[in-house]
Amino acid sequence: MNNIPSPDVIFPNEYGTSCFLKNVITAPNITVRDYTYYDNPVDPTAFERRNVLFNWPEFGDRLIIRKFCSIGSGAQFIMGSANHRLSSISTYPFNVFGGLWTERTPPHLSQLPFKGDTVVGNDVWLGRECVVMPGVTIGDGAIVAAYSVVARDVEPYAVVGGNPARFIKKRFAQELIDLLLQLCWWDFSPQKLADFLPVLCNEDLEAVTDIIRGMLHP
């Protein structure tokens with residue numbers, strides 16, 4: 001067990017460019033789970049300040065990033081309070097500038113459209129400098145291409161890219177996707193996961209499908 005990497009360290013290797021994010025997050029509305037890392041050659045620990053934009057917890061939305069996600073340098077999440085009022089003839093935020101403007105307008109945050117939580121599933125790869133918009137859900141095992149803008153939900157094990165990001169392909173046959181979603185390997189105990197690593201890294205997907213099918217349906 002001593003040789004199994006710990007999710008409770010900030011820098012998991014000697015390079016110092018990747019950090020396990022859960023150990024550097026302070027905002028009450030941001031949750032990052034075990035082994036999800038952010039990679040940046042300058043300061044990966046600054047993710048919350050530089051990569052989660054317009055985060056005002058009092059607005060009520062959350063950013064939830066689950067286990068084993070790989071977040072490329074410069075990837076950003078835009079939170080809901082970045083929006084402007086859309087329900088009136090002007091989108092200008094008069095209320096935030098003080099004086100009579102503040103007195104004669106409703107509180108700024110109360111008029112913003114609420115998109116809900118932004119959720120990133122397990123084992124998701126977010127490419128370099130992609131942008132995830134408010135309220136988006138990205139399914140387990142998905143891949144977002146570099147420089148993409150994700151404005152809609154992404155299905156599990158889908159590859160998407162572009163601005164706005166569009167579906168490119170499924171990563172695997174539907175049977176293997178369904179088996180992986182049943183297996184939930186990201187919830188394995190540390191030792192069970194270590195024993196399962198050869199399967200996770202096996203490029204013979206037919207063999208992998210047979211192995212997982214046998215595990216789930218012995």
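**Entry 1: the loop with Tyr157.** I started in the loop between strand 13 and strand 14, where Tyr157 has its place. This is a predicted model, so I read every value as computed. Tyr157 is not a glycine, yet its phi is positive, at about 60°. Is Tyr157 buried or exposed? With a relative accessible area of 2%, Tyr157 is buried.

**Entry 2: another positive phi.** I then turned to Phe68, which sits in the loop between strand 5 (63–65) and strand 6 (70–71). Its phi is near 60°, again a positive value in a residue other than glycine. I checked the accessibility too: Phe68 comes out at 18% relative accessibility. The cut-off for buried is under 20%, so Phe68 counts as buried.

**Entry 3: a cis peptide bond.** Why did I note these backbone angles at all? Most residues other than glycine have a negative phi, and most peptide bonds are trans. Which peptide bond is cis? I found that the bond from Asn163 to Pro164 is cis, with omega near -5°. Pro164 belongs to the loop between strand 14 (158–161) and strand 15 (166–170).

Entry 4: Four strands make up an open sheet, and their order is 4-7-10-13. The pairing is parallel. Which strands lie at the edges? They are strand 4 (52–53) and strand 13 (149–150), and each of them pairs on one side only. I looked at one pairing in detail: strand 10 (residues 131–132) runs parallel to strand 13 and is joined to it by two bridges. Across that pair, Val132 stands opposite Val150 of strand 13.

**Entry 5: helix 5.** I finished with a length check on helix 5 (residues 205–216), which has 12 residues. At 1.5 Å a residue the helix should span 16 Å, and its end C-alpha atoms are 16 Å apart, so the two agree. Which residues of helix 5 are buried? I noted Val208, Thr209 and Ile212. These three cover an arc of only 100° around the axis, so they lie on the same side of helix 5. Last, I asked what covers the buried residues of helix 5. The cover includes helix 3 (174–183) and helix 4 (190–200).

Technical notes: Residues numbered from 1 in each chain as written. Predicted model: local features only at pLDDT ≥ 70, side-chain atom pairs only at ≥ 80, totals over all residues. Heavy atoms only, no water. Pairing = 2+ DSSP bridges. Buried < 20%, exposed > 50% of the residue type's maximum accessible area, 1.4 Å probe, protein only. Expected span 1.5 Å × (residues − 1). Arc of directions from axis to C-beta. Contact = heavy atoms within 4.5 Å.
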